[in-house]
Amino acid sequence: MSVSELDIKTPRQSTLAWLRSPWLFWGGLLVATWLISKFSFDIYRAFDARWIIRFPDAWQPDFETRISDFMDWLLQEAQVFGILFRDVTRGLAAVIEAPYDLVVGLLVDGVQRGQGNQAVQILPPLSWIGVIFAVTAIGHYTKSWSMAVLMAVCFSYLAVFGQWESAMMTLASVLIAVPIAAGGGLLLGVLAFRVAWVDKALRPILDLMQTVPVFAYLVPILFMFGFGPVSALVATIIYAMPPMIRVTIVALRGVPEELAELGRMVGCTPRQQMWKILVPSAKPTLMVGVNQVIMLTLNMVIIASMIGAGGLGYDVLTALRRLDIGGGVEAGLAIVVLAIALDRLSQAFSTRTVTQKAAQSKGSFLQRHRWSLLSILVIAVTGIMGLGSTWMQSYPDAAVLSTGQVWEDAIGYINVNYFDALEAMKNTLLMWFLLPLRQFFAGIPWGWGLVVTTLIGFRIGGFRLAALVFVLIGLIILTGLWGKAMTTVYLCGASVAIASIIGIPLGLLAASGATSNRVVGAFIDTLQTLPSFVYLIPVVMLFRVGDFSAMIAIVAYALAPAVRYAAHGIRSIDPQIIEAGIVSGCTRWQMMRRIKLPMIVPELLLGLNQTIMLALSMLVITALVGTRDLGQEVYIALTRANTGQGIVAGLAVAFIAITADRLLEASAKRMRKRMGLS
Amino acid sequence: MTYEKFITASLLALTVAAPVSADVENTDPIRMTMHDWTGQLLTTRIMGGVLEEAGYNIEYVQADYIAQFAGLQSGDLHVAMEIWATTGQEAMDDAIATGNVVSFGPTGMQAIEDWWYPAYMEEQCPGLPDWQALNDCANLFATAETAPFGRYLGGPVTWGGFDEERIEALELDFEVVHAGTDAALFAELESAYQRQAPIVLWVYAPHWAVARYEGNFVEFPTYEAACYTDPSWGINPDMAYDCGKPRGDIYKVGWAGLAENWPGAAAAIEAFTIDNATMGDMVGRVDLGGEDIEAVAAEWIAENEATWSAWISN
């Protein structure tokens, strides 16, 4: 009462200002949503209108069956110029398979004649000594002796811990998938840069490629490309290509106008302009994209191994099915080691200096090619000698080290001694954080959910954003997946919150010095490339099946961008502003709270955006420990080979991701503008 | 071997230069799928080994249990040795309905699956294995999330099994928590077993878990078809599902074109049978004794020539 009386008395102008205040909007929305969520069940009872909480089946267009029917038609009957669509994709598969077979032959199988178990090996594969020598030489060539040592250590690890053959199998698929994804990404990026409509058309497609879980389209891919490594490669390429396209567009736009001007002045044709001027000068940024492609390719090895790619991913899966935690950890760490080696190598390649290149192109043929010639020599010698003494050809089994038992014992020790303490901690977090949050999201009726998200879209990005959000959320509701979508939002929301709470301070720490940066960097690199399956099983042993275990896995994977963007934000603050703070006598704490933190908010929002994307991409994996969200829906569809169901649920995940992405992007933009940063 | 067959065989052997006798229809590789559990690897290696003895060319392909159906339908893959009626029935029926996949009949092994507890629980809950003891000990099995009900760890939702209905019908004070995969299922068992903590969960056999951990299946009223369909059957007159779970066959399936291209191999696969005890023994030797899968399979082939030579005789 008293509040409204106050309202009437205040002058008209300030009433409006009060209404426009962000606190009223966000606070009001939260309170209203909370009340509606809490009493939605009572409202439904009071009006006896079940449609309030459950979107009626009769109103749902049957997307699932239609998509399934369409896919059936596409895969069985569709024709392109009189040729079966399936034969076209099978032809494509053969084109990819040829170089893959060649690389696998070089690294794993050797040259064989015949098929199946009647095949006869004619030539052995490259010996382990030869491969290690070659990568060491490449390390020295691209950067320095220390790089060479790193490469030697990484690849020796693979041999010493008995992961050689699987690692070479995985390396073979990386060597095929990365050039296709990076090259294809570059070409599409160039096309989008030059042709405006391609750019427009590509954007939503890229969003879908990155956010629809792979499991959703695995079955159609198997039909199109056959069961085996090629399908795995295709799925990997679809997943790994989008960042390359995005980076290419950004990199080309970032080329200084002066350079482009120069090209026009000397009379370049458009083609020369692109390939002689723009692409070479954008190379450092482009290499960031290549680096992303490598990382994402290695992220896919587990899923790829489920459809016949073999390699380290298969070892991880099999080990964990047998609860051989040690074996899983070792194979998983081999993936990390491979990722580190390839990552450092590609980074070194992108930062090669002009003097380095000049030095390498001097001297006689022998001098210039001493490394490659020496590598060929070592490969040939060990290959020939390997025919006599097998240890030269393949690393001797007797010298293989194993840490397997250590890991097993460690988990066993923690389990026996600390389970109760961990259980108590888990229960506290469940009671006070997870369960209330779940009730809150689960209670929101679909109608109100649509209203709220549209309102938020309007507030942040105006009419267009509101319309987009309305359509996306509306589609989710139409598919009847609102309840599962809310469970998804709850699980991801909780995980993202915790990832931010842990990740942002870690990022600030990383930005505070070179040593801390290296340590934190190595930590998050490992978390991101270690297949989540490896720690998922120990986590289940310690925390049981349920949302909590799923949350830990999501947090571990989604932590990286929160850390990276926070660190990047701090580093890119204008030093003059810091100077100003020091001059005006800020303490360290004041400096952080009053200057640094507010300055990096837009950066943090972008980090949050990426954290959400990664969290959503983990949903399918966490479905394996029994969650009840859209990820589980996708997984169930896969196990029932129901293409329609999988694609519908996968698209629902993508719509949530796109909604979150657009909202955060718009608010980061607003905030930058307000701070005068752009 | 008849004279004519001998001639053709020698001619074939000369032209194809295959290392083994070649009185088979053709030497294109037959692709057999391998999954990620020991029993299936053993059945596949045994069947593959026998077919190799007969002169067929076998290629082993790693494939996911469910995802493989896409390959079997398109003819990229040819044989899958273990499809459990209990976990793969739907996918199998769907695939067979397309006409591109055929069943080669049961393997002779019976899948058992039911509520299972570790042996040390019999001290803490003396009434076991009888199901009626479960309610007396429900509080033992309870956790913070399920209290006051006991926690029963069920299989992935897709396995079905009607556990929620069973709990209702038998008036058990339990709540089902679904594991997403069997890896998660047995991770929890391992954890509880290390701590000797109470647990009751879905276990199936033949499986290494039954060999590695000591324990028993809960004894529910024995399953009959009427139990699932007729509410009046059994203890609860108003509800169905007041009994244990049915035992299920484990089937061999394959690409429909198999019988055309390799009729002899198709017949051999159809004839293949093995029983639970033999398989359980071999699984134990691999998973507990640390023996090599291929070696164990080869040993079976060496010792049972009389059995398998009948499979490939026609």
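What percentage of the 314 residues of chain B count as buried? The figure is 49%, where buried means 20 or more other C-beta atoms within 10 Å of a residue's own, exposed means 12 or fewer, and partly exposed is in between, with C-beta atoms placed from the backbone.

Before you click around: this is a predicted model, in which local features need pLDDT of at least 70 and side-chain atom pairs count only at pLDDT 80 or more, while totals for chains, interfaces and linings use all residues. Residues are numbered from 1 along each chain as its sequence is written, and chains are lettered from A and ligands numbered from 1 in the order in which they are written.

**Stop 1: chain B on its own**

Select chain B. Its C-alpha trace spans about 75 × 40 × 30 Å along the principal axes. Color by secondary structure and you have 16 helices and nine strands; helices (H or I, at least four residues) and strands (E, at least two) are DSSP runs, numbered from the N terminus. Of the contacts in chain B with a separation of 6 or more, 70% are between residues 24 or more positions apart. A contact here is two residues whose C-beta atoms, placed from the backbone, lie within 7 Å.

**Stop 2: a helix pair in chain B**

Now pick residues 38-53 and 276-287 of chain B, which are helices H2 and H14. Their axes are 9 Å apart and the packing angle is about 110 degrees; axes are lines fitted to C-alpha atoms, for helices over the stretch in contact, and angles run from 0 to 180 degrees between N-to-C directions. H2(B) and H14(B) are therefore roughly perpendicular, given that angles under 35 degrees count as roughly parallel, over 145 as roughly antiparallel, 65 to 115 as roughly perpendicular and the rest as oblique. The crossing is right-handed, meaning the near helix is turned clockwise from the far one by less than a right angle (left-handed if anticlockwise). Show side chains for Thr38(B), Gly39(B) and Leu42(B) on H2(B), and for Met279(B), Met282(B), Val283(B), Val286(B) and Asp287(B) on H14(B), to see who makes the contact.

**Stop 3: Val176(B)**

Jump to Val176(B), in strand E6 of chain B. Val176(B) has 18 C-beta neighbours inside 10 Å, so it counts as partly exposed. Beyond its neighbours within four places in sequence, Val176(B) is in contact with Tyr152(B), Gly154(B), Asp163(B), Glu164(B) and Ile167(B).

**Stop 4: where B meets A**

Bring chain A back: 47 residues of chain B are in contact with 45 residues of chain A. On the chain B side, H9(B) gives the most, with nine residues.

**Stop 5: domains of chain A**

Color chain A by domain: domain 1 is 22-53 + 447-478, domain 2 is 93-111 + 121-399 and domain 3 is 407-443 + 483-675, with bounds from an automatic or database domain assignment. The C-alpha centres of domains 2 and 3 of chain A lie 28 Å apart. Between them, 27 residues of domain 2 of chain A are in contact with 32 residues of domain 3 of chain A. H17(A) supplies the largest share of the domain 2 side, nine residues.

**Stop 6**

Finally, select 630-639 and 643-675 of chain A, helices H32 and H33. Their axes come within 8 Å and cross at roughly 160 degrees, which means H32(A) is roughly antiparallel to H33(A). This crossing is left-handed. Among the residues that meet are Leu630(A) and Val634(A) in H32(A), and Ala649(A) and Val653(A) in H33(A).
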